[in-house]
Amino acid sequence: MTKSLVTEASTAPLDVSLDSNLFLRTLFRELSGTLQKVVGLEEASELIGVVGKSMGREIDRKYKSALQVYNLSREQVAEVLVDLKNRIKGDFYIIEQTDEKIVFGNRVCPFGDKIKNRPSMCMMTSNLFGSIAAENLGYAKVELQETIAKGNPGCRVVVYLRLTKEAENAPGREYFK
């Protein structure tokens, strides 16, 4: 028989730092770490990317429904991407926005310290940003120039919206409508 840690006489909760948010971030960290060890960084990134792309489609539908639009404009795409990341406790902001690209900065990762040494988790950002931008604007290429996961103090994410020479030369992942 298992003995309970909380007795009938005790009404005070135990001092254990655990809530659903922390649990899910830890779960995602451990899952991505296991994937990186078992199949390698590239394959782990691909698998996480599949999930991110699916989530991107769902989130895109929710924002379009809330805004009551069929397609988001470039400005709306930029605002939606910042809003969605900040809703999940990131600190994203727009550095630059033109017809060719949107450059984002980020000071706080939504995964907190769970992101350290888990660059495959950044595929979630790449696929969310890329799938939403491409779905509304036809094309996107996402370059993760700097990431907290790789030890940078912040993130710098470039979403190319047109296949320019700069976009063509940038390492990254392409997305199409």
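In which hand, left or right, does α2 pass α3? I found a right-handed crossing of α2 past α3. (A crossing is left-handed if the near helix is turned anticlockwise from the far one by less than a right angle, and right-handed if clockwise.)

**Ground rules.** I am reading a predicted model, where local features need pLDDT of at least 70, side-chain atom pairs count only at pLDDT 80 or more, and totals for chains, interfaces and linings use all residues. Residues are numbered from 1 along each chain as its sequence is written, and side-chain values use heavy atoms, with hydrogens and water left out.

**Entry: α2 against α3.** I took the axes next: those of α2 and α3 come within 11 Å and cross at roughly 115°. (Axes are lines fitted to C-alpha atoms, for helices over the stretch in contact, and angles run from 0 to 180 degrees between N-to-C directions.) That angle makes α2 roughly perpendicular to α3. (Angles under 35 degrees count as roughly parallel, over 145 as roughly antiparallel, 65 to 115 as roughly perpendicular and the rest as oblique.) From α2, I listed Ile-59, Tyr-63 and Leu-67 in this contact, and from α3, Gln-76, Val-80, Asp-83, Leu-84 and Arg-87. (Contact means heavy atoms within 4.5 Å.) I sorted the residues of this contact into 5 nonpolar, 1 polar and 2 charged. (Ala, Val, Leu, Ile, Met, Phe, Trp, Tyr, Cys and Pro count as nonpolar, Asp, Glu, Lys and Arg as charged, and the others, Gly among them, as polar.)

**Entry: α3 against α4.** I then followed α3 (residues 74-87) to its crossing with α4, where the axes come within 10 Å at roughly 155°. The two helices are therefore roughly antiparallel to each other. This crossing, too, I logged as right-handed, with α3 passing α4. On the α3 side I noted Arg-74, Val-77, Leu-81, Leu-84 and Lys-85, which meet Thr-125, Leu-128, Phe-129, Ile-132, Ala-133, Asn-136 and Leu-137 in α4. By class, this contact has 8 nonpolar, 2 polar and 2 charged residues. I see that Leu-84 is listed in the contact of α3 with α2 and again in the contact with α4.

**Entry: the whole chain.** I stepped back and counted 5 helices and 5 strands. (Helices, H or I and at least four residues, and strands, E and at least two, are DSSP runs numbered from the N terminus.) Along the sequence, I read the pattern α-α-α-β-β-α-β-β-α-β. The C-alpha atoms fill a box of roughly 65 × 40 × 25 Å along the principal axes. Of the 177 residues, 43% are buried. (Buried means under 20% relative accessible area, exposed over 50%, partly exposed in between, with a 1.4 Å probe and protein chains only.) Among contacts between residues at least 6 apart in sequence, 62% join residues at least 24 apart.

**Entry: the sheet.** What is the order of the strands in the open sheet? I traced β1-β2-β4-β3-β5, with antiparallel pairing. (Two strands pair if DSSP finds at least two bridges between them.) At the edges I found β1 (92-97) and β5 (173-176), each pairing on one side only. The twist averages 25° from one strand to the next.

I looked at β4 (residues 155-160) from both sides. It pairs with β3 (residues 139-146) over 5 bridges, and 6 bridges join β2 to β4. Lys-141 stands opposite Tyr-160 in β4, and Asn-106 stands opposite Cys-155 in β4. Because 5 of the 6 residues of β4 are buried, this strand is largely enclosed by the rest of the structure. Helix α4 (residues 122-137) lies across β1, β2, β3, β4 and β5, running at about 155° to β3.

**Entry: Ser-131.** Beyond its neighbours within four places in sequence, Ser-131 is in contact with Gly-52, Lys-53, Gly-56, Arg-57 and Tyr-175.

**Entry: positive phi.** I marked Gln-68, with phi near 55°, in the loop between α2 (41-67) and α3. Gln-68 counts as exposed at 73% relative accessibility. Lys-89, with phi near 80°, lies in the loop between α3 and β1. Lys-89 counts as exposed at 58%.
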